[in-house]
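Here is a quick tour of a protein model, written for someone who likes to know the cut-offs behind the words. Have the viewer open as you read.

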Amino acid sequence: YVSQALEEIQKKVTGFSIDALANRPEFITALLRASQAAIRTHHREKLDALRNAVLHVALEQCPDETQTLMFLSFVDDMTPLHIRALTMFDKSDEFRMVPEAAQQFVQKYLPELSGSHEIYVQIVRDLERMGLVHANVTPGTATAFFPFIGTVSDLGKKFLKFITTDD
């Protein structure tokens, strides 16, 4: 999966050498971390995210080493719904909404969460704990009735760029 993508890159990118990657410790570390995470999942979304992360490291299109390792851990810890929710939050302004619209947002973008308010709220909390979103929801207050009001953080945008491709 990764090896095929690396071979394609080698064909397309002048000066890129798969053999040279063996001399880049940051690539080896990322590849090993991603491989360990890939062994623990069958979810295509996570496997794609891990592959894309490794390819970004191979192409030196990655954040610093600390963020790279954090991001790989995030993918390992997330469910596919976490990734899809973050992607939808980033692509749509609809999540900055009034409570009535929140249910429509979930039905439109995350239909598998319809009727699963607790799971949705936990996903938002997890993303906030990771620093990937800034949620304006305070437990015990009126804002707690809003499933999500906030923005994808700069770190969240870097994470999404790291785990996706432009094509």
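This is a predicted model: local features need pLDDT of at least 70, side-chain atom pairs count only at pLDDT 80 or more; totals for chains, interfaces and linings use all residues.

## Ground rules

Residues are numbered from 1 along each chain as its sequence is written, and side-chain values use heavy atoms, with hydrogens and water left out.

## Overall layout

The protein has 9 helices and 2 strands. Both kinds of element are DSSP runs numbered from the N terminus: H or I over at least four residues for helices, E over at least two for strands. Read from the N terminus, the order is α-α-α-α-α-α-α-α-β-β-α.

Of the 167 residues, 43% are buried. Here buried means under 20% relative accessible area, exposed means over 50%, and partly exposed is in between (1.4 Å probe, protein chains only). A contact means heavy atoms within 4.5 Å. Among contacts with a separation of 6 or more, 63% are between residues 24 or more positions apart.

## Helix 4 against helix 5

The axes of helix 4 (residues 44–58) and helix 5 (residues 65–77) come within 10 Å and cross at roughly 170°. These axes are lines fitted to C-alpha atoms, for helices over the stretch in contact, with angles from 0 to 180 degrees between N-to-C directions. The two helices are therefore roughly antiparallel. As for the angle classes, under 35 degrees is roughly parallel, over 145 roughly antiparallel, 65 to 115 roughly perpendicular, and the rest oblique.

Helix 4 brings Lys46, Ala49, Leu50, Ala53 and Val57 to the contact, where they meet Thr68, Leu72, Val75 and Asp76 of helix 5. By class that is 6 nonpolar, 1 polar and 2 charged residues. Nonpolar covers Ala, Val, Leu, Ile, Met, Phe, Trp, Tyr, Cys and Pro; charged covers Asp, Glu, Lys and Arg; the others, Gly among them, are polar.

## Helix 5 against helix 9

Helix 5 also packs on helix 9 (residues 154–163), at an angle of about 75° and with the axes 11 Å apart. That makes the two roughly perpendicular. Gln67, Thr68, Met70, Phe71, Phe74 and Val75 of helix 5 make the contact with Leu155, Lys158, Phe159, Phe162 and Ile163 of helix 9. Sorted by class, the contact has 8 nonpolar, 2 polar and 1 charged residues.

How much of helix 6 is buried? The count is 9 of its 12 residues, so the helix is largely enclosed by the rest of the structure. Among the buried ones are Pro80, Ile83, Thr87 and Met88.

The axes of helix 6 and helix 8 come within 10 Å and cross at roughly 75°, which makes the two roughly perpendicular. Leu81, His82, Ala85, Leu86 and Phe89 of helix 6 touch Tyr120, Ile123, Val124, Asp126 and Leu127 of helix 8. This contact divides into 8 nonpolar, 1 polar and 1 charged.

## Aromatic pairs

There are 5 aromatic pairs in the structure. In Phe71 and Phe74, the ring centres are 6.1 Å apart and the planes are at 45°, so the pair is tilted. (Rings of Phe, Tyr and Trp, its six-membered ring, pair if their centres lie within 6.5 Å; planes under 30 degrees apart are stacked, over 60 edge-to-face, the rest tilted.) Both residues lie in helix 5, 3 residues apart, about one turn of the helix, and both are buried. Together with Phe159 and Phe162, Phe71 and Phe74 form one aromatic cluster.

Phe89 and Tyr120 have ring centres 6.4 Å apart and planes at 80°, so the pair is edge-to-face. Phe89 sits in helix 6 (residues 80–91) and Tyr120 in helix 8 (residues 117–129), so the pair ties together parts 31 residues apart in sequence. Phe89 is buried at 1% relative accessibility, and Tyr120 is buried at 3%.

## Two single residues

Asn52, in helix 4, is buried at 5% relative accessibility. Leaving out residues up to four places away in sequence, Asn52 touches Phe162, Ile163, Thr164 and Thr165.

His117 belongs to helix 8 and is partly exposed, at 43% relative accessibility. The C-alpha atoms of His117 and Val106 are separated by 9.5 Å, with the two residues 11 apart along the chain.
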